[in-house]
Amino acid sequence: MAGDVRPETGGQRGVIVSVFSSKGGTGKTTLTTNLAAAIADRSSKDTAVLDLELELGDVHAHFGQEAKLTVQDLVDLGKLTEREEILAAGSRFGEHLWGYGAIAEPGLPQISGESIGKVLRALRGMFAFTVIDASASYADHAVASFDVSEVVFLITALDIVAVRHLSIALRTLLSLGVPQERFRVILNRADSKVGLDVTEVERVMRIKVDAGIPSSRLVPTALNNGQPVYLHDPRSPVAKSFTALADRVIALGEPLAARAQRSRAQRSQKSGFRRKR
Ligand SMILES: Nc1ncnc2c1ncn2[C@@H]1O[C@H](COP(=O)(O)OP(=O)(O)OP(=O)(O)O)[C@@H](O)[C@H]1O
Ligand SMILES: [Mg+2]
């Protein structure tokens, strides 16, 4: 769980955030990829993007690449302990950014919650930040990703059907035991004048909207050029909305890193005491 601060195999305990949407086409992968690119760029720390849309993931396409792992390779990441092995299994998206996703295969891929938990712990031990394009299902592997996430971003468009879907998803996730304080609602194309405003979204969702992403034709243009808009048009207002979110995720990492360092120091002090005796 997110409260557990034991360092992982790689010696650190990074921050995991998930991006979830219950309705297709709302901008889930756009938020995942831009957030990851912005976090890697602004923190200069190793960052991973994990695509848990196993059936037909889009994360790689947003970086102009193709996924190279089978679902089994993805599960086997959980067995890796060496930094070099984990980095080699990933796709290089940037100086500090690696991507993990499965090649689309026929049939419904099934991964247990336990296996995905191991993968997430392996990534958390190696990467300061992991951003997950979470599966839109409530399959075990999807729910397992929320268990280890510090924050779950719920993204919705400004249309009443999408908001109602997300509201039901929020109730479902709460009933599955994901704590309310972990959720952040993000409104995509927040500036669209479509007769629905933030107050209405907050009334239906019964939760505050945390941030908005403006609508911009630069988003699909960047995608068609094989880059998230944050990298393609860094000075655009839409890129800046991802910067603001990324800085908040980076800030989450600071207390965790300090706690992990303190517990490492305490452990080495204890082993020092043992050696002295
Ligand atoms: N803020 C935005 N402004 C303009 N276009 C956007 C914006 N956000 C997303 N889009 C466009 O909407 C489309 C869907 O976005 P995206 O692929 O991120 O959605 P998704 O929720 O991951 O969809 P899927 O259900 O297919 O996985 C893409 O063409 C993307 O470029
Ligand atoms: Mg997607």
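Which residues of helix H6 (residues 140-147) are buried? Let's work through this and some related exercises together.

This is a predicted model, in which local features need pLDDT of at least 70 and side-chain atom pairs count only at pLDDT 80 or more, while totals for chains, interfaces and linings use all residues. Residues are numbered from 1 along each chain as its sequence is written, chains are lettered from A, and ligands are numbered from 1 in the order in which they are written.

**Exercise 1. List the buried residues of helix H6 and name what they pack against.**

Step 1: Helices (H or I, at least four residues) and strands (E, at least two) are DSSP runs, numbered from the N terminus. A residue is buried if 20 or more other C-beta atoms lie within 10 Å of its own, exposed if 12 or fewer, and partly exposed in between, with C-beta atoms placed from the backbone.

Step 2: Apply them to H6. His-141, Ala-142, Ala-144, Ser-145 and Phe-146 are its buried residues.

Step 3: Look for the partners. Two residues are in contact if their C-beta atoms, placed from the backbone, lie within 7 Å. The buried residues of H6 pack against strands S1 (15-20), S5 (129-133) and S6 (151-157), and also against helices H5 (113-126) and H7 (160-175).

**Exercise 2. Explain why strand S5 is described as largely enclosed, and find its pairing partners.**

Step 1: Count the buried residues. Five of the five residues of S5 are buried, so the strand is largely enclosed by the rest of the structure.

Step 2: Check each face. Phe-129, Val-131 and Asp-133 are buried on one side, and Thr-130 and Ile-132 are buried on the other.

Step 3: Find the pairs. Two strands pair if DSSP finds at least two bridges between them. S5 pairs with S1 in the parallel sense over five bridges, and Val-19 stands opposite Asp-133. S2 and S5 also pair in the parallel sense, over five bridges, with Phe-129 as the bridge partner of Thr-47.

**Exercise 3. Describe the surroundings of Asp-51.**

Step 1: Asp-51 is found in strand S2.

Step 2: Classify it. Asp-51 is buried because 26 other C-beta atoms lie within 10 Å.

Step 3: Name its contacts. Leaving aside neighbours within four places in sequence, Asp-51 is in contact with Gly-57, Val-59, Ala-67, Tyr-100, Gly-101 and Asp-133.

**Exercise 4. Find the residues around ligand 1.**

Step 1: Set the limit. A residue is near a molecule or strand if its C-beta atom, placed from the backbone, lies within 6 Å of it.

Step 2: Pick out the nearest. There are 18 residues around ligand 1, and Gly-24, Gly-27, Lys-28, Thr-29 and Thr-30 come nearest. Helix H1 (28-43) and helix H9 (218-224) are the elements that give two or more residues to this shell.

Step 3: Sort by type. Ala, Val, Leu, Ile, Met, Phe, Trp, Tyr, Cys and Pro count as nonpolar, Asp, Glu, Lys and Arg as charged, and the others, Gly among them, as polar. The shell holds five nonpolar, ten polar and three charged residues.

**Exercise 5. Describe how S3 and S4 are connected.**

Step 1: Find the sense of the pairing. S3 (residues 91-94) and S4 (residues 97-100) pair in the antiparallel sense over three bridges.

Step 2: Find a facing pair. Arg-92 stands opposite Trp-98 in S4.

Step 3: Look at the link. A hairpin joins S3 to S4 through two residues.
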